[in-house]
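Subject: Structure for your files

Hello,

The structure we talked about is below, followed by notes on what turned up in it. Please read the notes with the structure open.

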Amino acid sequence: MSKQTLSIANPYNQEQMKAIAIFESENDLENSLTSQLQVISSHYTKEEYEKKIREANEVEQYLLLIEDSKVIDYCLLDVYKDIKSCYLSLPSSKKVSRSRKMLLEASEYASSLGMLEVFTTISSSDYALLEVIENDGYENLGEENGITSFVRSFGKEGIIDGNNKKY
């Protein structure tokens with residue numbers, strides 16, 4: 001069995017861009033990620049982009065699940081460094097097992113960044129993924145207009161009193 005790895009999409013890596021385009025084509029995703037990455041590479045030099053990722057408070061990162069140099073799933077992680085929260089967006093997938101692996105990997109990655117919460121939403125009619133998310137420690141926040149929201153918390157910071165001291 002081949003090993004699956006999580007990687008951050010690199011808009012300056014042409015081999016990776018080709019692999020993403022193939023994945024999108026095979027999954028009827030209309031080149032949405034490819035287009036986003038092309039916009040990034042046309043607006044920023046590689047150095048400017050890397051500096052922006054390091055220094056910005058709000059960062060978008062596209063995470064790729066790769067097996068044998070082939071993209072098998074991806075997601076978008078919107079990171080808010082100041083409040084230590086992020087929003088995870090999974091593309092629609094025909095394979096729940098892939099979505100589950102992507103969810104687990106992206107959640108672990110968010111935790112490694114120091115995030116305290118990960119939020120995500122999915123279609124309320126995607127019963128298989130709803131079950132997977134709830135089984136992976138996400139709390140169901142409710143459904144509205146056919147969309148169910150979830151949150152997963154990783155830890156708690158100390159409570160800060162009026163003098164900004166933790167206790």
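The accessible surface of the chain is about 10,000 Å², and carbon and sulfur atoms account for 47% of that surface (Shrake-Rupley method, 1.4 Å probe; for residues, only the protein chains shown count as cover). This is a predicted model, in which local features need pLDDT of at least 70 and side-chain atom pairs count only at pLDDT 80 or more, while totals for chains, interfaces and linings use all residues. Residues are numbered from 1 along each chain as its sequence is written, and side-chain values use heavy atoms, with hydrogens and water left out.

The chain has five helices and seven strands, taken as DSSP runs (H or I, at least four residues; E, at least two) and numbered from the N terminus. Of its 167 residues, 36% are buried, meaning under 20% relative accessible area.

The largest nonpolar core holds 25 residues, and L77 and L88 touch the most other members. Such a core is a set of buried Ala, Val, Leu, Ile, Met, Phe, Trp, Tyr and Cys residues joined through side-chain atoms within 4.5 Å. Helix α4 gives the largest share, five residues. A second, separate core has 16 residues, including A9, L37, Y49 and L76.

T120 sits in strand β5 and is buried, at 1% relative accessible area. A polar atom of the T120 side chain lies 2.7 Å from the backbone oxygen of L88. Beyond four places in sequence, T120 is in contact (heavy atoms within 4.5 Å) with residues including Y87, I133, Y138 and F150.

Regards

Methods:
Buried means under 20% relative accessible area, exposed over 50%, partly exposed in between (1.4 Å probe, protein chains only). A polar contact is a pair of N or O atoms within 3.5 Å; within protein, one must be able to donate a hydrogen and the other to accept it, and residues adjacent in sequence count only if both atoms are side-chain atoms.
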